[in-house]
Structures are given as C-alpha cells and as structure tokens.
Amino acid sequence: MLDLKLVNARIRTVDDDHPRAHALGVLHGRIVGLDATVADLPARTTVDCRGAVVVPGFGDAHNHMAWFGQSLDELDLSDAGTLEQVYDAVARRAAALPADAWVVGSGYDDTVMGGHPHREALDRAGGGRPVWLKHRSGHMCAVSGEVLRLAGVLDGATADPEGGVVVRDASGVPTGLLQERAQSLVTGLVMPYPVAELADAIGRASAVYASEGLTQVTEAGIGRGLIGRSPVEAAAYQLARERGTLRTRVELMVAADNLHPLDAHHDDGITTGIDLGLRSGFGDDRLRIGPMKIWLDGSLIGRTATVTEPFCGHDHSTGVYQNDPDEMRRLVVAAHRAGWRIAAHAIGDAAVDLALDAFDEARRTAPRPGVRHRIEHSGVVRPDQLKRYAELEVTPVPQAHFLYAVGDTMAEALGPERTPWMYRHKSFLDHGLRVPGSSDRPVAPGAPLLGMQSMVERLSRDGAVLGPDERVTAEQALRAYTIDAAWAGHDEDRRGSLTPGKLADLVLLSDDPVEIDSGRIGAIDVLATFVAGECVHGADSLGTVASVTGPLPQAGV
C-alpha cells in the first residue's frame, strides 16, 4: 500500500524520459511510480489535486537562512524611502526598549534613500542607545556613535580591520558606515549568538521557505567570517532539526575563516580544514556539510566588488578584496587538495579572474574530475571569461531577482557597456553550463517563483530590461530551481525531478509556471509543499483546493 497518492494532477516531472504525468505514488518518502504504474494501487492517503500543478520541490543554491530568520525579528527597513523614515523607525523602536538595549534593524538601501544613516542622527533617534542597521547587501552597516565608542573607534584605540573600511568624513571623523570586514567591529560586540536563539531563527526561516515551495536550501556561510553567527553555528541547525522545526533539507557552507592547519598524515595531503577532517558531503540528505565558502570581494551595490575597470561616477574605485589575493588563492588550492568543494564569492570580473585562476591551479596540482566548484554570484562576467567557466567546469551561481530588486543601481555603477555582462544566464547555458536557482536572501526576496520570473523577464524595478540576450525560457527557469539546483549539490540522482526512486519532495501550485504569462509567474500560489512525502506546508488548507482521502502525512512541526 502506498503512503501517498496524487491523482488528477498536472505534473511537470522535469524528467526528459517522462515529462508529464497525472498521478504519482509515494512510499517510505520516495516516489515509486507515475500514472499507470500507481493508478490502481491502494494508498493510505489519496489527494485528488483537481487539476492543480505539481512540480519538483524548489531548491535555493545560495541563501542565508539564520540571517534571514533573525531579520524577521528585527526592525524592517526594506521599505524605507528616505533617511528620515529610517530615523523615525529607529526612534519608535527605541522608545519601546530598555535604556541600554540595542536597536537592530536590517534591509536599508542607501541607493533608494540617497545616502547612509549618519551616526549622529542615529544617536539622537536611538536616545543614546547602541543602534546597528544592516545594509540589505550584508556588506556594510550603519551604526550609532555609541557602537563606535564601544568598539574603540572614536578614541582611535581600534584600527581598521584588514579587508574593511571605517568610512570617515573630510575631517577624518567616522560617519558610522562600516564596510566589509570592518563590520566585525560590531559583530565582535554581540556575537556569538546563543545556539537556541539561532535555532529559533532557523525555524522561522524554514516555515517561510516551506510556504514558498522550497524543499532544499544551501546556507552560504556558517561559523566565523563575514556573515557567520557563531563558531558553533552548525549546532543550531542540528537543534532545529531535533525540535522538528527544520522543514527544509539544508546544505551548510563552511566559511573559510573556520579552516585551519591540520596535522594529518603526509600521504593524505590534508593540510587545511576543520577538526576531525570533516569536509563537503559529511551528513545526510536532511542536513550536511557542503562547500567551503570564501569571500573574494565585496558587493556591486556598495561598489566594493573588484572590477578591472572603475565603477562609473565613483572616484575611480575598482573595489575591495577581502584579503590578500595570493593568500586567498593558496587557501582555495589547499581546501581543494583536502577534498572540499569550493564556493568562491566573486561578484566583480577581477574577482572572477582570481577565482578561475585559483580553480585552474587547483585542478592542475590535484585533479578531481567532477568536483563542481562554484563561483557565487558571478555578478560581472566578461565575454572572454565564459569559455574559462566551461573549460574549468565551474558552476556559476547568479541571482536573477537582483535585477529587479537592485538592478537599476547596479546598471548605473557598471554603465551601458558592462550591463549586459551582469548576472548572466543564457550565455552560461550556451556554453554548456548549468545554472542553479538562488536568491541570496535576505539581500533580495527569495521566493523561487519570483526568481523564475526574473530569469525570464530580466526587468528592473524601473522597467528596464537588463541584458535582454540573457533571458531564458520559463522551462529553463523551472529547471534552474529544481534539477539544476540539485545538480549543483551533487544531488541530481536523489532530488530535482519527479522520477521513480527519487525523494518525494514536491510542490502543488495553483498554475503552471511554464505556461502562464511570464508577468504572473511570481503571483502563483503555493498550495502545499511536501518533503519526503510529508506535508510541511498547506496541510490546514489543502482540503479547500483538493480532495483528501485518509490522514495527510505531516512532518512533526
């Protein structure tokens, strides 16, 4: 007897051997058959989908789960259009807090407001409290004078961290803006966060993800480093799993800052890694260690990505490397030799060159066919670099919805000649590469259907088409968030398509993202989400859009 059977559905399997189906059977968390092979089999639970669309569960190959979950409990500044709105929001939050409490906000965008919040204004708005406002990019923040005092910046006791900038005015006085690794001056005051608190945040994020059809995500950097929350951050994911609040499969990228010299046997060639020699692949299909994450440069929004030609109208700036380029290259090679997959954050084309050079050296010194190293974001990729991606078999991981969320300011920074190189997609496909869907949430909204719409349309918020030659079909966009996202994690044999034998991760949708008008893809309703055949979203409302016979299998959340 089947555990679950879906009938009268419009199923897009994303499997070329059996692309469409109307019935699907699940047993012990896996798909056991389609159409005639399961149509007459009894099932403990049968869902008459009444024509609803069924697709594989969505994957997000690059997101920040704990960061997003924490932001849900912080002062939301994503809709602030002026600096005064930010200051007013800070004042309202401060009025409800104890005198010594921190005011923490997130999601502000200086390109919308015309500037960054200033420390003196934050002192006034916060009533002298520490105020910490995180930029939507994650690559900078604005803080009050009290935070700078606590960090030893105002009295000159603390130097600018390497790879970071404490922004100062013409008189040399800090403005409150901290860029890149200078943010460690703040995080050093508040981190590490308690594991239980992080587990709460992960649970909040996972509930949102399930409601959007996400069944697997890759957390892009845990532990120490630019966005790490705690040196023992993996324990928070384990705790969320034990609590039953982790509704999505998670792959954890380990930030390069966590790697250190290891005294392994000489024959092993493992000179760099984390304790016990754990590396990419350790864990199971619910929670496991993924690639090593290394940040090479900054952000395109903040003009700190490293580019070969200066940004337009930005004092001839070519960006900021996070560390000495030779040192970062050596770390990539050492991690490769130790068996890690590498995810290199490279947004500017100069950083992309550095990543490609490092992967080339790694491949020559220690061949590992099929390793699938990645370049996260691949934000500005010159035409001549496309061939190198293909030759080195490097996976690009761009975020298409950036084009809508912040594409106008990015295009302004690059100018008309380089805008077509921005967050490419079709060019990568044309070179034989696979492009997994991803969001970089909370930098941009992370709903997969919004990402698919941006892949197809490439529209900015102001209505400009950014790189029209990089648009892809709706079917290619669906593949990006399903089978290609699975492929990026070496999981294409276990998930990503509705194929017998694979994990029963699937989503019921109100409409077909391939057939609907592209401008409506993002508005499709996610009716229900299943992980391993268990309903993790939509159980309470599924009966209003479908006919459910028998007890609906539900995860213990």
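Pro-442 is placed in the loop between helix H15 (426–430) and helix H16 (448–457), helices (H or I, at least four residues) and strands (E, at least two) being DSSP runs numbered from the N terminus. The peptide bond that joins Arg-441 and Pro-442 is cis, with omega about 10°. The model is a predicted one, in which local features need pLDDT of at least 70 and side-chain atom pairs count only at pLDDT 80 or more, while totals for chains, interfaces and linings use all residues. Residues are numbered from 1 along each chain as its sequence is written, and side-chain values use heavy atoms, with hydrogens and water left out.

A cis peptide bond also leads from Met-191 to Pro-192, where omega is near 5°. Pro-192 belongs to the loop between helix H7 (184–190) and H8.

Both Arg-441 and Pro-442 are in contact with His-64, contact meaning heavy atoms within 4.5 Å. His-64 itself lies in the loop between strand S8 (58–63) and helix H2 (65–71). The relative accessible area of His-64 is 4%, and the residue is therefore buried (buried is under 20% relative accessible area, exposed over 50% and partly exposed in between, with a 1.4 Å probe and protein chains only).

Arg-50 is exposed, with a relative accessible area of 52%, whereas Tyr-423 is buried, with a relative accessible area of 1%.

The largest nonpolar core holds 53 residues, of which Phe-58, Met-65, Tyr-237 and Leu-509 touch the most other members; such a core is a set of buried Ala, Val, Leu, Ile, Met, Phe, Trp, Tyr and Cys residues joined through side-chain atoms within 4.5 Å. Helix H8 (residues 195–211) supplies the largest share of this core, five residues. Another core, of 32 residues, lies apart from it and has Leu-259, Ala-346, Val-352 and Leu-356 among its members. Beyond the four places on either side in sequence, Tyr-237 contacts Met-65, Ala-66, Ile-202, Glu-219, Ile-222, Leu-246, Val-250, Leu-252 and Leu-287.

Tyr-237 also takes part in the packing of H8 against H9. The axes of H8 and helix H9 (residues 234–243) are 8 Å apart, and the helices pack at an angle of about 60°; axes are lines fitted to C-alpha atoms, for helices over the stretch in contact, and angles run from 0 to 180 degrees between N-to-C directions. H8 and H9 are therefore oblique to each other (angles under 35 degrees count as roughly parallel, over 145 as roughly antiparallel, 65 to 115 as roughly perpendicular and the rest as oblique). The crossing of H8 with H9 is right-handed, a term for a near helix turned clockwise from the far one by less than a right angle, with anticlockwise giving left-handed. From H8, Val-195, Ala-196, Leu-198, Ala-199, Asp-200 and Ile-202 meet Ala-235, Ala-236, Tyr-237, Leu-239, Ala-240 and Arg-243 of H9. This contact of H8 with H9 contains 10 nonpolar, no polar and two charged residues, where Ala, Val, Leu, Ile, Met, Phe, Trp, Tyr, Cys and Pro count as nonpolar, Asp, Glu, Lys and Arg as charged, and the others, Gly among them, as polar.

Helix H10 (residues 325–337) packs on helix H11 (residues 349–365) at about 40°, with the axes 9 Å apart, an arrangement that makes H10 oblique to H11. H10 and H11 cross in a right-handed sense. Residues of H10 that meet H11 include Met-328, Val-332 and Val-333, and among their counterparts in H11 are Leu-354, Ala-358 and Phe-359. By class, the contact of H10 with H11 has eight nonpolar, two polar and four charged residues.

H11 also crosses helix H12 (residues 383–392), at roughly 25°, and the two axes come within 11 Å. H11 and H12 are therefore roughly parallel to each other, and their crossing is left-handed. H11 contributes Asp-349, Val-352, Asp-353, Leu-356, Asp-357, Asp-360 and Arg-363 to the contact, and H12 contributes Gln-385, Arg-388, Tyr-389, Glu-391 and Leu-392. The residues of this contact of H11 with H12 comprise four nonpolar, one polar and seven charged.
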